[in-house]
Amino acid sequence: MNALENLIEGLGSALTPQNLMWVLIGVTLGTVVGILPGLGNPAAVLAVLLPLTLKLPPTTGLIMMAGLYHGAKFAGSTTAILLNIPTETSSVVLCYDGHQLARQGRAGPAMGMSAISGFIASTLGVIALTFLAPIIAKFAVAFGPPEFAALMVFGLLLVITVTGKSPIKGFISMTVGLLLSTVGVDLFSGTQRFTFGNINLFDGVEFLVLTLGMFAVAEVLVNVEQVRGKSLLTIPKGIRNLLPTMQDLKECRGAIAQGSITGFLVGSVPGGGSTIASFVAYTLQKNMSRRPEKFGKGAMEGVAAPEAANNSEVGGAMVPLLSLGLPGSASTSVMLAALLLFGIQPGPRLFETNPEIVWPVIASLYLGNFALIVLNLPMIPIWVRLLKIPYWVLYPCILVLSVVGAYSVRGSMFDIYMLIFFSALGYGFRKLSIPPTPLLMAFVLGPQAENAIRQSLILSDNDLLIFVERPISAIVLGLAAIVVVLAIYTRRKPGGRMPTKSDIDPEPLLPTEPQPRKVNTQP
Amino acid sequence: MKTTMRSLGVAAATVALVAGLSACNSTNAAGTGGTPNNVQFIVDTGPGGGSDLFAREIIKIARDEKVLTDNWPVVAKPEGGGLGAMAFLKGKPGDSNFISAFTSKWIIAGQATASAPATMADLTPIVMLADEIQVIAAPADAPFNTLTEFLAAAKANPGEMVQTGGSPNSVDNLVALEIEKTSGTKWKYLSFDDGAPRITALLRGDAQIDIGALPDFADQIEAGKLKLIGVFADKRIDGFPNVPTIAEQKVDLGEFPDHLQFRGIAGPPKMAPEAVKFYQDFFSKVTATDGWKQYLKSEGLVPEFVTGDELTTQIREFSDATKPLVAGMVKNP
């Protein structure tokens, strides 16, 4: 097994005391910087700290970058779970179940699950990258606009299935998200859509501003109406309650496996990315789970699946980068820039021409993840103490961080006004019990779906058959049809394949909604 | 009632914060006229983007080679692909402390937007620094080996061939539209917002040609997956002696100059001549260094140093060539 030998050799050259020190520094720095909204985006963290790594030898520099990357990703999950603030796109989905778990006093286990499932997934991702890269690369090239369109249609359908008890409210939320995503200059005609001639809107609505408003600030606004001078959430005592139990891990086996595969495949497609990977894994898991009714109310699987996808996506994204020289997502494009700065041109022949750099890169990615779990699992009890901060200290801090975060994305005052607008929107959504997450999912998936469908139709001269003529897209669309049929079937028939789903139908409250009232009336 | 008061308090705190930030934003040590003393480098991309890296590289080389002693912060104004940066500079007339790294994209952005708050014509061009040679790539197994052969194939199958690229306002689409016009052919343009899917579209056979810079394709060419079928330059390029230029292939580019993609430096409107001189001196020192030459080579850029009237003419020629095409596109979307 030549690939395995190379990987071990790569690990060997990566595992020097000096490199270990730098990877630890990287993870710590990445976590600290990543906690701040606006800087939390791993790609931005890498870009900002890139010059720092250039002072080091190439392998060491890349290893430190891998540490930074994983640290920033973990920080994103942390803020999403603890505070309901996703600081980067791929952690949005954790606001669903991760934050609900935190509200139930299980913040520690949720964070632990995020780190553990991430670690397992990236292990699988690295293994798949090592052995399957050439095959997956073929798959990545075959994945064109019609295939992508089918995947996005699938994704949007799944968004509806996670909207909870009121499909209409979920649908409203999704539609608003789709509408917001159309703001900006149209890629295909250069025409402006909903920009009102304002250049600040030409590039569309900034995702982070939308998230900070809809989640962070809106959450603060709703909660200040309730809090009576106590700490927000209960933190159970004892280390055993701060980490996931064996039972949790056992329940999440399937979720981790599913998330790892989904994440790896989505990541390997140029234009895929971790956000889509985490959304698809979450919604797939909800549809596959034996306990779908727990999703949105604090299901451990709802943390494990997307976090697994989020992490194995990195391995997947390295496939087109290393075997084709094409970055699959934002983070790998920064990796690409770094490789270029080190004088390495990634491309179809990189594995042959520069094995001394490729394998340490793969090994260092893995090492970064390992360092993360070693460093952060013991830190979880400390992170969880964030929740002990009284609201009169925490809330102003969240507001300050949100405003600074919104400003710092583009250095634009306009984005702060947008933040105020979306905060009001998010507050209104909460008051009306409309779940905000479908809005965000649609906002991310919408433009991708639109672009892919329009690209396909350009190719086929507006012939819709292109979506079923190509095998991969036909298969994905077939799966989508099965999901729809299953969803209708289980809704209609209480004794259907997923009987648990109907049990919760009569419940009036949306499970996806944070329920501050309930929490705060607890003694 | 109490809850309303709390909400109001939060709202007030947010407003206070916003006001504070606005204040920071508007106070700017104005160094109008005279020699620059507190320079900021305006770019149209965020950290890691093309112009951002270009500006940072200039500053790094200048500092390494002791041309520059202090550090010039790079400020991103990424709105609307150059429009935000141009509008920002327009709001600082005569201020010698702001310079920007402009590209050919800025000229087109100004033309394509009816409500453009500023255009290249508003700014003071300082110096042209680099030219990015554009090449035409095709899948290695394509039945054509030159642009002329591609045009013949396109003529035989009108509206069937596919070119892939970015926004329809990008220069690769505009030059293609001009060639379609002069050669009486027609093909499709498939937009992707990232570079990677364009390459896979070629590899998959969804698209037949792509116009871009050599580094975009170099590795795929080396691996035998793509080939070049033409070069937009006045002579053949190093490493590809068998790929004829567009002029050699006798393809009519109409009004289009050979320079399709360029990078230069511009300042706010009415920049004082002594400030323009200061920056021209600065860039002549930077461009003379070995570090600069190496950097351009690694990026596949051709060095240029054009100033004064010649620069104004170069920008005007490009502007005149693209204007009717951009206008035509707005009419027929």
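These legends accompany several close-up views of a predicted model.

**View 1. Chain B and its two domains.** The domain assignment places residues 37-131 together with 259-331 in domain 1 of chain B, while residues 134-232 form domain 2 of chain B. Taken over C-alpha atoms, the centres of these two domains are 28 Å apart.

**View 2. Where domain 1 of chain B meets domain 2 of chain B.** Here, 11 residues of domain 1 of chain B make contact with 12 residues of domain 2 of chain B. On the domain 1 side, α4 (104-112) and α11 (308-331) of chain B each contribute at least two residues. The most comes from α11(B), which supplies 4 residues to this side. Sorted by class, the side of domain 1 of chain B that touches domain 2 of chain B holds 6 nonpolar, 4 polar and 1 charged residues.

**View 3. Chain A, helix by helix.** Take your time with this one: chain A has 24 helices and 2 strands. Of its 523 residues, 59% count as buried. Among contacts in chain A between residues at least 6 apart in sequence, 80% link residues at least 24 apart.

**View 4. Confidence along chain B.** The average pLDDT of chain B is 84, and 88% of the residues score at least 70. Please look at residues 1-8 of chain B with care, as their pLDDT is below 50; this stretch has 6 contacts in the model beyond near neighbours in sequence. Residues 19-32 of chain B also have a pLDDT below 50, with 16 contacts beyond near neighbours in sequence. For the model as a whole, ipTM is 0.77 and pTM is 0.79.

Note on methods:
Residues numbered from 1 in each chain as written. Chains lettered and ligands numbered in written order. Predicted model: local features only at pLDDT ≥ 70, side-chain atom pairs only at ≥ 80, totals over all residues. Domains from an automatic or database assignment. Contact = placed C-beta atoms within 7 Å. Nonpolar A, V, L, I, M, F, W, Y, C, P; charged D, E, K, R; others polar. Buried ≥ 20, exposed ≤ 12 C-beta atoms within 10 Å, placed from the backbone. pLDDT = per-residue confidence, 0-100.
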